[in-house]
Amino acid sequence: APPAGSPVPLPAFPPPDTLPSTAEFPDPLVMRDGTKIATKKDWEEKRRPELKELFQHYMYGRFPAKPEKVTAKVLFEDTKALGGKGTLREVELTFGPPEWPKLYLLIAAPNGTPPVACFVGPNFGGNHLLTAHEQVRVPTVWVPGGYPGVEKGTNRATAEGRGKQADTWPLQQIVESGYAVATFYCGDVQPDRPGVSEGMRATLPAAKDAPPADETATVMWWAWGCHRAVDFLVTDPRTDAKRLAVVGHSRLGKTALLAGAFDDRIAVVIPHQSGCGGAGPSRSKNPKAEPVKRITTVFPHWFCANFRAFGDDTTKIPFDQHSLVAICAPRPVLATNADDDQWANPPGQFDVLTAAAPVYRLYGDARPVAAKLPETGTLADERLGYFVRAGKHSMTPDDWKVFTRYADKWLK
Ligand code: GCU
């Protein structure tokens, strides 16, 4: 077995530019060698593992091995938080080697209930932005400039930011709906910038020399962070290990979908406004949507070098994002969006869900997706769920009402 945290080796695949061109979405039920998949068994034993390898090699970089050990330390616990409705905790997770970054999980949960379903996912700027609670840790690593309380020029977070983005993960509202919620700052795992001198990328020897074209990229590291959070949640007596839903917004929505696809312990997957590289197609027909060329140029660290090679010709990608959704089958996936956010390609995401449906049908769900594009404001709560609200690119308390409604159907 490879050392903990290092990428698991993959079989050899041809270079991106030598792959055959396919204008439409490649069929999720046809193997690379042309074999047709007709049963759940063959899907699970043959095609699903093949797709997971393809997504690693050509898009997100290799899936890191699970750490041998995850140690949890409760940093604080306040049983009278959230307007007296619940308990707020912050848990520090440490993994094996001492030089590895730590992950800080902020968990809000209702009081006095049996174990509840829990939403889990990364946040953009630090746990302290989500609550004014004074015991919540302020990140000490690099944070993006422009967020509340971030020192000009230094990219350091300060206590000024406390509670200033509480609407993005409305902890009390979620707890009042009967759910727990656990979130961590994505930058503790891997800061959102190119370069390999920090975060998990810095711990790999390969990162220091010429990185392989399928080096584990940032979105994959963030997904890895979600998996480590799940490692803790499945041992936590207050959350129900069988009822975890992963959530993320935008770049972290891409992360949520990847995390769900690569971890069967996650029961429901909610990529919010995830767009290109998430639930949005790479072969996009929406002129307003973000193209692969643009995303791999502006955010070169999110995906591996192999994916950048498809920028000029997405027809050579040997899969499209419907196959990442299909890897989640039969688990529910809800793609949520906003009308004004065509950059994230809401209609293209519906095409992606529709194209994933044949795999869900293998599991016996005859109607896994709405028959036509749902209207704005109407939740299509099928196993391949879809929702568009009016408005712009953001994650709001109203979005969370949709997430909890969907979870009420699939997790209660
Ligand atoms: C940019 C990027 C998107 C991404 C978004 C975000 O707009 O182009 O792909 O989803 O940032 O993370 O907010």
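Reply: Start with the largest cavity, which has a volume of about 40 Å³. Keep in mind that this is a predicted model. Which residues line the largest cavity? They are Glu-90, Tyr-104, Gly-126, Asn-127, Arg-137, Pro-139, Tyr-185 and Asp-188. By class, that lining holds 3 nonpolar, 2 polar and 3 charged residues. Glu-90, Arg-137 and Asp-188 supply the charged share.

How many cavities of 30 Å³ or more are there? The count is 2. The second largest cavity has a volume of about 30 Å³. Its lining includes Gly-125, His-128, Leu-129, Val-143 and Tyr-147. Pro-148, Gly-149, Val-150, Ala-157 and Thr-158 also line the second largest cavity. Here the classes are 6 nonpolar, 4 polar and no charged.

Now look at the strands. Tyr-185, from the lining of the largest cavity, falls in strand β5, residues 180–185. Strand β5 runs parallel to β4, and 6 bridges join the two. Within this pairing, Cys-118 stands opposite Ala-180. Helix α2 (residues 171–176) belongs to the picture too: with β4 and β5 it makes a right-handed β-α-β unit.

β4 has another partner. It pairs in parallel with β6 (residues 239–249) through 4 bridges. Phe-119 has Ala-245 as its bridge partner there. Is β4 mostly covered or mostly open? It is mostly covered, with 8 of its 8 residues buried. In a regular strand, the side chains alternate between the two faces of the sheet.

Next comes the open space. The largest pocket has a volume of about 260 Å³. Leu-19, Pro-20, Thr-22, Pro-26, Asp-27 and Val-30 are among its lining residues. Met-31, Arg-32, Arg-47, Lys-316, Ile-317 and Pro-318 line the largest pocket as well. The lining divides into 7 nonpolar, 1 polar and 4 charged residues.

Finally, take the charged contacts. The structure holds 25 salt bridges. In one of them, Lys-285 pairs with Glu-24, with the closest N and O atoms 3.7 Å apart. This pair links distant parts of the chain, 261 residues apart. Lys-285 sits in the loop between β7 (268–272) and α7 (292–298), and Glu-24 in the segment before α1 (40–60). Why does Lys-285 count as exposed? Its relative accessible area is 70%, and exposed means over 50%.

Arg-265 and Asp-231 meet in another salt bridge, 2.7 Å from N to O. Arg-265 lies in the loop between α6 (251–261) and β7, and Asp-231 in helix α5 (residues 218–233), so the pair ties together parts 34 residues apart in sequence. Arg-265 is partly exposed, at 29%. Asp-231 is buried, at 9%.

A further bridge joins Asp-312 to Lys-293, with the closest N and O atoms 2.9 Å apart. Asp-312 lies in the loop between α8 (305–308) and α9 (321–327), while Lys-293 is in helix α7, so parts 19 residues apart are tied together. Asp-312 counts as exposed, at 66% relative accessibility. Lys-293 is partly exposed, at 42%. Elsewhere, salt bridges with shared partners join Lys-66, Arg-228, Asp-231, Asp-263 and Arg-265 into one network.

Notes. Residues are numbered from 1 along each chain as its sequence is written. This is a predicted model: local features need pLDDT of at least 70, side-chain atom pairs count only at pLDDT 80 or more; totals for chains, interfaces and linings use all residues. Side-chain values use heavy atoms; hydrogens and water are left out. A salt bridge is a side-chain nitrogen of Lys or Arg within 4 Å of a carboxyl oxygen of Asp or Glu. Buried means under 20% relative accessible area, exposed over 50%, partly exposed in between (1.4 Å probe, protein chains only). Two strands pair if DSSP finds at least two bridges between them. A crossover is right-handed if, with the strands pointing away from the viewer, the path from the first strand over the helix to the second runs clockwise. On a 1 Å grid over the protein atoms alone, a cavity is a set of points where a 1.4 Å probe fits but cannot get out, and a pocket is an open set with protein on both sides within 12 Å along at least five of seven lines; lining residues have an atom within 4 Å of a point. Grid points are joined across faces, edges and corners, and a volume is the space filled by probe spheres set on the points.
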